[in-house]
Amino acid sequence: MNATPHDLFPDSGAEVAATMPPIDTTAMATETTLLNPRFYTTDFDEMDKIDVTPVRAEWDKLIAQMKSDPNKGHFKKTEAWDKVDWEGMDPALRREFIDFLVSSCTAEFSGCVLYKEMKRRGTNPDICELFSYMSRDEARHAGFINDALREAGVAVNLGFLTKAKKYTYFRPKFIYYATYLSEKIGYARYITIFRHLEAHPEQRFHPIFKWFREWCNDEFSHGEAFALLMKTDPKLTESFTNKLWIKFFLTAVYSTMWVRDHARPEFHKALGVNIGWYDQEVFRKTSTIARQIFPIELDIDHPRWIPNLQRMNRAFIAMDAAHRQGGIAGKLNGWIAGAKAALTFASLYTIPAKHHALPASVRLEPSY
Ligand SMILES: [Fe+2]
Ligand SMILES: [Fe+2]
């Protein structure tokens, strides 16, 4: 547990398949764009002051469950790990799949780095214990994905990443909203793919998807922990301003996921998944779960929702094209596309939210 990320994730071996073009996955993971998973830092002293007394009974139960470490032996390759034909894979699919794995690995590792840092800097035994279990899980998750990348000869250098990646500062309450959401959305994404492939095993083109069910239960528990942390201070979710922030994070996280997933058409085609269906399904599951702690919910069936997500996607494609174009014309086109994205975000943000009263007990069990 005290190993540095570099010890946990040594540099990749060189098993590059001869016919595969070299891909610098570490550079992909290090890049900071609006869409890439970020690394976060926060005011750790403020987080260390959280008093979990108001949720003690539920807290102790959750911590005991995490301590028992139900997935201790799960993240190891077994005979269920079929041989992957990386060289025979369609090049467009291979590119998108590697992009998916790198982005997932970066997101998992981002959690590992943030949680480990909180555990390292904290003095509050409740907080330190929670964050040590969560960083343990995220280290396993990132390491397991990186093993899959290593087979393709393109593992991410995670030790380098911790030093080279830019860190985004979020004050603690924004960390709660963003991290809670990313844990729950992570659960919803993994379980939706798992259930789909359970029904259509012929479309499981890589063995890693077989590991998603137990995996997503870790993410579910992490989300539960953040729900309890938010529950210690009702202002965090119930003040007028904070409701606006929650809506902001929901809109930003959902629309980013939409744009990111739509950039991987071959990957989703290979899985036999319609991207629009998949994203709406993930939003729906996440929104249902989030009723445990967020008193508002986005109206994803509103007539303005999907058309604006599609508009957002077009704006990002135009921004990307402008960036490639370069020069003055590229800059100008970039600004135009950026303004379109901002207006589209405003249009999504102003869709009236659904409101509801919060349940007395915050805890949930995974049920999908
Ligand atoms: Fe994870
Ligand atoms: Fe997690």
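The model is predicted. Its chain contains 15 helices and four strands. Along the principal axes, the C-alpha trace spans about 60 × 45 × 40 Å. How does the radius of gyration of the chain fit that of a compact globule? For 368 residues a compact globule would have a radius of gyration near 21 Å, and the chain has 20 Å, so the two agree. Of the 368 residues, 37% count as buried. Contacts can also be sorted by how far apart the partners are along the chain. Among contacts with a separation of 6 or more, 81% join residues 24 or more positions apart.

Next come the helix pairs. Two packed helices are described by the angle between their axes and by the distance between those axes.

Start with helix 8, residues 172-199, and helix 11, residues 240-262. The axes of helix 8 and helix 11 are 10 Å apart, and the packing angle is about 40°. Angles under 35 degrees would count as roughly parallel, so helix 8 and helix 11 are instead oblique to each other. Their crossing is right-handed. On the side of helix 8, the contact is made by Tyr177, Ala178, Leu181, Ser182 and Ile185. These meet Trp245, Ile246, Phe249, Leu250, Val253 and Met257 of helix 11. By class, this contact has 10 nonpolar residues, one polar residue and no charged ones.

Helix 11 also packs with helix 13, which covers residues 275-290. The axes of helix 11 and helix 13 come within 10 Å and cross at roughly 155°. Why are helix 11 and helix 13 described as roughly antiparallel? Angles over 145 degrees count as roughly antiparallel, and therefore helix 11 and helix 13 fall under that term. Helix 11 passes helix 13 in a right-handed crossing. Helix 11 contributes Tyr254, Met257, Trp258, Asp261 and His262 to the contact, while helix 13 contributes Ile275, Tyr278, Asp279 and Phe283. These residues divide into six nonpolar, one polar and two charged.

Leu130, Met134, Asp137 and His141 of helix 6 meet Trp215, Asp218, His222 and Ala225 of helix 9. Four of the residues in this contact are nonpolar, two are polar and two are charged.

Two single residues complete the tour. Asp69 sits in the loop between helix 4 (56-67) and helix 5 (91-121). Most residues other than glycine have a negative phi. Asp69 is not a glycine, yet has a positive phi of about 50°. Is Asp69 buried, exposed or partly exposed? Asp69 is partly exposed, because 13 other C-beta atoms lie within 10 Å.

Pro307 is placed in helix 14, residues 305-325. Pro307 is partly exposed, with 13 other C-beta atoms within 10 Å. Leu348 is 41 residues away from Pro307 along the chain, and the C-alpha atoms of the two are separated by 9.5 Å.

Definitions and conventions
Residues numbered from 1 in each chain as written. Chains lettered and ligands numbered in written order. Predicted model: local features only at pLDDT ≥ 70, side-chain atom pairs only at ≥ 80, totals over all residues. Helix = DSSP H or I, 4+ residues; strand = E, 2+ residues; numbered from the N terminus. Buried ≥ 20, exposed ≤ 12 C-beta atoms within 10 Å, placed from the backbone. Axes fitted to C-alpha atoms, helices over the stretch in contact; angles between N-to-C directions. Parallel < 35°, antiparallel > 145°, perpendicular 65-115°, else oblique. Left-handed = near helix turned anticlockwise from the far one by under 90°. Contact = placed C-beta atoms within 7 Å. Nonpolar A, V, L, I, M, F, W, Y, C, P; charged D, E, K, R; others polar. Rg over C-alpha atoms; globule rule 2.2 N^0.38 Å.
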